[in-house]
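Subject: Structure for your review

Dear colleague,

Please find the structure below, followed by an account of what was found in it. I would be grateful if you could read the text alongside the model.

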Amino acid sequence: MSEERKSLNFLEQIIEEDLANGMPKNKLRFRFPPEPNGYLHIGHTKAIGISFGLGEKYNAPVNLRFDDTNPAKEEQEYVDAIKEDVSWLGYTWDKELFSSDYFKQLYDWAVHFIKEGKAYVDSQSSEAMAEQKGTPTQPGVDGPFRNRSIAENLDLFERMKAGEFEEGSHILRAKIDMQHPNMLMRDPIMYRILKKDHHRTGDDWCIYPMYDWTHGESDYIEQISHSLCSLEFKPHRELYDWFLDQVVDKTLVRPKQREFARLNLSYTIMSKRKLLKLVEDKIVNGWDDPRMPTISGLRRRGYTPAALRKFVETVGVAKRDNIIDVSLLEFCIREDLNKTAPRVMAVLDPVKLVITNYPEGKEEWLEAENNQEDDSAGFRKVPFSRELYIEKEDFKEVAGNKFFRLKLGGEVRLKNAYIIKADSVTKDPNGNITEIQCTYSEDTAKKVKGTLHWVSIKHAVKAEVREYDRLFMDEAPDSHQDKDFMEFLNPESLKIIEAYVEPSLLEAKIGDRFQFQRLGYFNVDNDSSSNKLIFNKTVGLRDSWEKQKPIENKNQNKPQNNTSQPQRKAIDVIQQLGKKYTNLPEGKQEKAKAEILELAKDVSYDDLQPLFNTAAKKVGTRIATTIVLGVLLENGLERNAEVNDFINKALEDTDALLVKEAKMLL
RNA sequence: UGGCUUAUGGUGUAACUGGCAACACGUCUGGUUUUGGUCCAGAAGAGUCUAGGUUCGAGCCCUAGUAAGCCAACCA
């Protein structure tokens, strides 16, 4: 139990500061505020992890509040899915709440705003208003309705609420400042008319509050102390505070909005709108398709709550844009499953193997360890017989000694069973191997390099295996201005395989997770039934053999690597080498010098000249410059005033190395 | 012609608030192993966007640049 002091992230620091400044710990309260217009994705897992994590850390309540102010897009289905996802992740919310619970209070406040002259009804087209609003670089101008009388505003707003007007004919805006540098402060809309039924309030309302007007006030009503959201809301903070200023009671907690960078995962997208498109266009089979980065998709794929929580924790919290490598996510799920998933044997791409010296009709039930990482996992029996399936990939007629698997004349261990030796093969007319003949030995103590998984043909159970690949071929598919993310779709993201699995899997239940030995982690899909077993591949095992095989492919994938080196200007490389020159141990220093001498051949005087002005204290850079200068002089460069000046200064320096190099130029 | 935010190995986060940059993933060695998994041991890889400045000393402070992201929905 080490008491290692983990450094706090910037949000925790803010909270610690508030606590230190006198905020009582029991006033801490957080919230997770999803809009019920789509399913939660892995990015939300970070937001959930932050707010609920803080709740756990400080023993403070966390509300689940649905931000449901837009009846056009929101549905009960999403509310249910979100609740399921949050609790599946293992978090417990204090109160389940809805922004729509506050519609009446919000309305009363709005009326108060009008009476105070802080809000007015605008009756222009959205185009006209957009024009008056200006642009980020140009201030806006006041609209013609900005100075309506309080009485008229009150009357109009009342009638908006009563349903007398059509959608789009009037809106209520806060009266702030049309010239404000922050566009959100240019008289933002508070209410719009929407004649739609709301999933909770039905037809009670036909005016609905906007996000900015609703969010901060909802936080305030709930007495949220820290309202944490992603970075794109940073500009909203000013408005959030302005709205709060108008209603806040100083004796109550005033919520504080703070922003963190959202999570981005490589090779996928994280926008609800775009994910919805994948669902609607039937690119995937629903929000919970195992290829989707949604929480429900990952769950179906076989991810565990523990792995997801670990992932989010590992990723950290900060304010800069990031793209997290999927390999980290994969590491987290492997780490969890390695400890918990029972091992079984399954062959995905079979070739028949016959053990010629094993009696026909004989069968044995051999003992197999369920999980060597877990002593309590116990053992099971697997059937062995004369005819087996092994993986096609595990046999080669001839192969080098780096190939640990089965080859003609070679020996290999069958996991949980005997050692076999390959004697001959049978091929079809096309030259494909249809059968491998082997002989076995009962001496299992023998040392052999390879161990193969297998399945007895007679006892094997057919199963469908769904193997997934990334949905997109590009690392950041929605970050290209000129290309649509749909262009990067991977046409081979789903591969359906007919596999053979050991009979113990007949008892597997939906959701059960296994390690198919030597292959990866798999779970039983929701579509699975008693007469058809279906598995999803969650993630493959780490595979250091696979990596060394496609040598040529590797180069094709990263052609830039070869070209990027020479593209960098020699002088830039030299500058970099120089920078660290004085810090290097002697051996490395010589190496660096040799490199500089080599690179100096490609440096022109014009390249070098600016470095003469290098600050006196940047000794390393000046040494490098001196070395390069030596090469240039040797190649016939004439000494001019600049050169002499630089050399003289170097000679006067206190650094012995620099002086030494400079003397060599005399 | 604007405002806000960010900048540390390939990736993500640290650096006790000024003391010669750490952890995780990834990569590469070697060992163990009835999974080319796990585990164990080790290595390479950044001198902190650039240029100045303050300081005995700067990734942290100051100045000026540069680059990236966000901001003009009756969405959230």
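How many bridges join β1 to strand β2 (residues 62–66)? There are 3 bridges between β1 and β2, and the two strands run parallel.

Some conventions apply to everything that follows. This is a predicted model, in which local features need pLDDT of at least 70 and side-chain atom pairs count only at pLDDT 80 or more, while totals for chains, interfaces and linings use all residues. Residues are numbered from 1 along each chain as its sequence is written, chains are lettered from A and ligands numbered from 1 in the order in which they are written, and side-chain values use heavy atoms, with hydrogens and water left out. Helices (H or I, at least four residues) and strands (E, at least two) are DSSP runs, numbered from the N terminus.

**The parallel sheet and its helices**

β1, β2 and β3 form an open sheet in that order, with parallel pairing; two strands pair if DSSP finds at least two bridges between them. β1 (30–32) and β3 (96–98) are the edge strands with a single partner each, so one side of each has no neighbour in the sheet. On average, neighbouring strands here are turned by 35 degrees against each other, direction ignored.

Helix α2 (residues 42–58) touches β1 and β2, and its direction makes about 155 degrees with that of β1. Helix α3 (residues 76–88) touches β1, β2 and β3, and its direction makes about 160 degrees with that of β2. Contact means heavy atoms within 4.5 Å; axes are lines fitted to C-alpha atoms, for helices over the stretch in contact, and angles run from 0 to 180 degrees between N-to-C directions.

**Helix pairs**

α2 also packs against helix α11 (residues 305–315), at an angle of about 85 degrees and with the axes 9 Å apart. That angle makes α2 roughly perpendicular to α11 (under 35 degrees counts as roughly parallel, over 145 as roughly antiparallel, 65 to 115 as roughly perpendicular and the rest as oblique). I42, T45, K46, G49 and E56 of α2 make the contact with L308, R309, F311 and V312 of α11. By class, this contact has 4 nonpolar, 2 polar and 3 charged residues; Ala, Val, Leu, Ile, Met, Phe, Trp, Tyr, Cys and Pro count as nonpolar, Asp, Glu, Lys and Arg as charged, and the others, Gly among them, as polar.

With helix α8 (residues 236–247), the angle is about 60 degrees and the axes are 9 Å apart, which makes α7 oblique to α8. The contact of α7 with α8 has 8 nonpolar, 3 polar and 3 charged residues.

The axes of helix α4 (residues 103–115) and α7 come within 11 Å and cross at roughly 115 degrees. This makes α4 roughly perpendicular to α7, and the crossing is right-handed. Q105, L106, W109, A110 and F113 in α4 meet W213, T214, E217, Y220 and I221 in α7. Here the classes are 7 nonpolar, 2 polar and 1 charged.

**The mixed sheet**

A 7-stranded open sheet has the order β21-β18-β19-β20-β12-β15-β22 and mixed pairing. β21 (451–452) and β22 (455–456) are its edge strands, each pairing on one side only. β18 and β21 pair in the parallel sense over 2 bridges, with L414 opposite L452 in β21.

Strand β18 (residues 411–414) and strand β19 (residues 419–427) run antiparallel and are joined by 3 bridges. V412 has I420 in β19 as its bridge partner. Their hairpin has 4 residues between the strands, and N416 takes a positive phi near 70 degrees there. β19 is in turn joined to strand β20 (residues 433–441) by 8 bridges, again antiparallel, and S424 is partnered by Q437 of β20. In that hairpin, with 5 residues between the strands, G431 takes a positive phi near 90 degrees.

Yours sincerely

Note on methods
A crossing is left-handed if the near helix is turned anticlockwise from the far one by less than a right angle, and right-handed if clockwise.
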